[in-house]
Structure formats: C-alpha cells, structure tokens
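Trainee: Could we go through this structure together, one topic at a time?
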Amino acid sequence: MHAIEKLLAAKAGKASVHAGEIVNCVVDQAGINDVYYQTVKSFYEMGGKKVAAPEKVIIFLDHYAPCATEKQADNHRKFREFASEQRIERLMDINQGVCHQVMADHGYSYPGEIVVITDSHTPTHGAFGAFGTGVGATDLATIMATGKLWFRVPEAIRINFVGKLQKGVYAKDLILHVIGKLKADYAVYKAVEFAGPVMKELSVSQRMAMCNMTTEMGAKTSYIQPDEVTLDFLQKRGVKDFTVYDTDADYKYADDLTFDVTEIEPQLAAPFSVDNVYPILSLIGKHVDQTYLGSCTGGRVEDIAVAAQILKGKKIHAGTRMVLVPASRAVLKECIEKGYIQTLIDAGATLTAPGCGACCGIHQGLLAAGEVCVSSTNRNFPSRMGNVKGEIYLGSPASVAAAALEGTIADPRKYFERSEA
C-alpha cells in the first residue's frame, strides 16, 4: 500500500484499503473558513444539535479579515456565536491569518492525520505527511455531526525532482513548470506525491507552496514523506505524538515521473490559467501595475525574506505598487523582529493585515480593468483578484520582488548573482 492508503485504512479501522475503495474515516482536524457560513446552516438543516467533537473543529476568520462589508461582519458575528454555543475553543479570529499557515504555526498539521477544511487548497498539509483535502459545506457539516466523512481512496502519482536548483529558482517555479507540462486536469482526484533528492533541499515553507498548488492540477490530496526537515519543524512546535506511514517498496504508482530541475528557470503562469506557464525570460519587460506578496502559497517568512533581500536599500518602481500580506500573525511578528517588514515598507510596499486579502478577490489589493499584477498567489482566473479584465501572472516571491523593483516582469536570478559577488 501507499502511505496514504495506510493512513486512510487506520482512520477507517481497516487492515488495508486500495485505490477506488470507499471508506468512512474519523477526521482529525475539521476546519471551516468564513466564506462557508453555509456549513453552520447545513449542520442545523441536517438535524444537528451538538457538534460531535468540538475539540477537532477549527473556525478560521481569514478571508474577510478584517471585514469590508456589513454582510461580512454579520457573518463573523454568527460564527463567533456558533463557536461559543458549541464550545469550539479554536476560533481563529481576524488577527490570526490564513487557515493553512495558522495550522502550521500552531502545530495542528502533522503526519498520519486527516485534515479537512472548507478550502480547496487544503492539500497544502501533505507537506507534513497528512491527508489534507478540501470539501464543501455539507461534507464539513457531516463531520461536525458525526466526526467522520467518506472518501474514495485516490490513486497516487509520484513526481520526482532530480538535479541542482539554480539560485533564484524556488519550489513555486518547480510546481508551475510541472503544471505547465502536465496541465490542470492531469491529477483529478489523484494523490500527488513529491519525491527525489531535490526535496531534501526544500524547507517546509517551500514544500507547503508546492503541495498547495497540486489543487491546480486537480489533485484530491498531496504527500511528501516526512523526513528530518519535517520532524525538526514539528519538534520546534512541540508536536510529538504522531504516526509516520511509509509506502511499500512494491507499490505501483498510477504514474511515476521525473523532472530535472537543473535547467528550470523562474516560471510565470500567464493569464488566464494556472497551466498557461512560460519561462520568465519570454515575458521580460512587460509593464506591471501591481505586485502582490502573500497568501497561503507565498506569504510565509521565507517568502518575505527573499523579497526583502532583493529590495533592501532600494525603492519599488514609481509606476508600480507592492501589496504585502503576511500569511499569519506569527509570520508578521517574526518578519517584524527580523527587519523584513521595515525593509519592504522603506522600499515602498503597502502592508495589510494577515489573511487571504486580494488572493480571492475580496479586498486589500483588487485590480482594475487592464491592470497587470505579478503575484505569489495560486490562481489567475478572470476576476480572481478584481476586475475580469485584470491580468494576473503567478510567480515566486523572488519574481514578485524583482517586478516591484523594475516595474516590469524581470528575472530575479541576477539579484542573487550580485549578492554572491
């Protein structure tokens, strides 16, 4: 069996499971974000009276943080009342940040557990060896009522990375390259595992970015085998009690692919699809109105540090604005302590509250018609960040910072060459 199959079997109380089988599993972490108040309504419509396991439920007020409309504020009020009524202690209010990063900050994501959140990018938690997947309101309401949910065991695809990364090339570039080659429907309802020697060089932050983007391949979940990097991250957060599953040596993957990263340069996903990917050199010089550094894909400490390295002592281009949205309060606090926020503010960036912000087209940095944005986020569909005619190019935090500095799409590698000179 694959490690994911062993995990699902354990949560279903079975000796073994295999791809295609339907299993009913105990869920370890059940998260609701503030876009999905319908979850609460569905819970009551289904006859729910008391949440089965309130200690496993987390409510994240992250998309409307802070609220921009009266309706959003009322939504939050009702969530707070529900949390109090049901004795759900883990209410992550507007000061906490994006659900996936908050989970990591608090040590709520770890190997061997099932993480289900009403957010499509929940495969992010595969970076910790967890089974993370997104669901809708009714499924999450079912978990609240019963503590369990059914899953169809996914087939697994393995993507191996070999070679040596260039300076200025990051996990975001690798996953964009893969999505560009395999396309957005390649992994529909599959589990995407990342492996190979390059993975040992990638931090938890970069692994989270990579797993996050498997959603844009259609994946049900993602997986990275826990290693020393994973265990060190968890140990620092006091996480000790978990189970690491291993894939059997004779397991047959639905597909087993290898990518040599040596020649992969910075990548950008051009409008209006995440699989419309180009090497950055083919887009150099295009004017950029806004750059956006943040989200559950590109708003962590390392991401902000990279931007600060490029922009330190410099000013962003006069015709370009930069919106900075730390992924969580913990990220913001650490970046303030390390001076990264001051560096970026001095360069001309606009700092906004931790949360989802403009990534999902709600507030804090929306685009007007015809404006071009280079963003560290995960989607570039029409109207994703505002006007339907706004153009979003997805790239690494380094590519975002380089565009902010030059006012055009630019290759970030040169800034790392200079720093080493």
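Trainee: Which face of strand β7 is covered, and which one is uncovered?
Mentor: This is a predicted model. In strand β7, residues 148-152, Leu 149 and Phe 151 make up the covered face. Lys 148, Trp 150 and Arg 152 make up the uncovered one.

Trainee: How many bridges join β1 to β7?
Mentor: Strand β1 (residues 22-26) is joined to β7 by 5 bridges, and the two run antiparallel. Within that pairing, Ile 22 stands opposite Arg 152, a residue of the uncovered face of β7.

Trainee: What is the strand order in the open sheet of 5 strands?
Mentor: The order is β4-β3-β2-β5-β6, and the pairing is parallel. The edges are formed by β4 (91-92) and β6 (131-134); each has a single partner strand, so one side of each is left without a neighbour in the sheet.

Trainee: How do β5 and β6 pair?
Mentor: Strand β5, residues 114-117, pairs with β6 in the parallel sense over 4 bridges. Val 116 has Thr 133 of β6 as its bridge partner.

Trainee: Which strands do helices α3 and α5 lie across?
Mentor: Helix α3 (residues 70-85) lies across β2 (29-33), β3 (57-60) and β4, and runs at about 160° to β3. Helix α5 (residues 137-146) lies across β2, β3 and β5, with an angle of about 135° to β2.

Trainee: And the open sheet of 4 strands, what is its order?
Mentor: That sheet has the order β10-β9-β8-β11, with parallel pairing. Here β10 (221-223) and β11 (255-260) stand at the edges; since each has a single partner strand, one side of each is left without a neighbour in the sheet. On average, neighbouring strands of this sheet are turned by 20° against each other, direction ignored.

Trainee: What joins β8 to β11?
Mentor: Strand β8, residues 155-162, is joined to β11 by 6 bridges, and the two run parallel. Ile 159 stands opposite Leu 257 in β11. Helix α6 (residues 171-182) lies across β8, β9 (190-195) and β11, running at about 125° to β11.

Trainee: A change of topic: what is the volume of the largest pocket, and what lines it?
Mentor: Its volume is about 430 Å³. The lining has 21 residues, and those nearest the centre are Ser 205, Phe 233, Arg 237, Val 301 and Glu 302. Two or more lining residues come from each of α4 (99-105), α7 (204-212), α8 (228-236), α10 (301-311) and α11 (329-337).

Trainee: Which element gives the largest share of that lining?
Mentor: That is α8, with 4 residues.

Trainee: Where is Gln 96 found, and is it buried or exposed?
Mentor: Gln 96 is in the loop between β4 and α4. It counts as buried because its relative accessibility is 12%, under the 20% cut-off. Leaving aside residues up to four places away in sequence, Gln 96 touches Val 102, His 106, Ser 328 and Arg 329. Gln 96 and Ala 65 are 31 residues apart in sequence, with a C-alpha to C-alpha distance of 9.0 Å.

Trainee: Last topic: how many disulfides does the structure hold?
Mentor: The structure holds 0 disulfides. For Cys 67, the nearest cysteine sulfur is that of Cys 360, 13 Å away. For Cys 296, the nearest cysteine sulfur is that of Cys 359, at 6.1 Å. A disulfide would need the two sulfur atoms within 2.5 Å.

Trainee: How accessible are Cys 67 and Cys 296?
Mentor: Cys 67 is partly exposed, with a relative accessible area of 31%, whereas Cys 296 counts as buried at 8% relative accessibility.

How values were computed: Residues numbered from 1 in each chain as written. Predicted model: local features only at pLDDT ≥ 70, side-chain atom pairs only at ≥ 80, totals over all residues. Heavy atoms only, no water. Buried < 20%, exposed > 50% of the residue type's maximum accessible area, 1.4 Å probe, protein only. Pairing = 2+ DSSP bridges. Contact = heavy atoms within 4.5 Å. Axes fitted to C-alpha atoms, helices over the stretch in contact; angles between N-to-C directions. 1 Å grid on protein atoms, 1.4 Å probe; cavity = no way out; pocket = protein on both sides within 12 Å on 5 of 7 lines; lining within 4 Å. Points joined across faces, edges and corners; volume = space filled by probe spheres on them.
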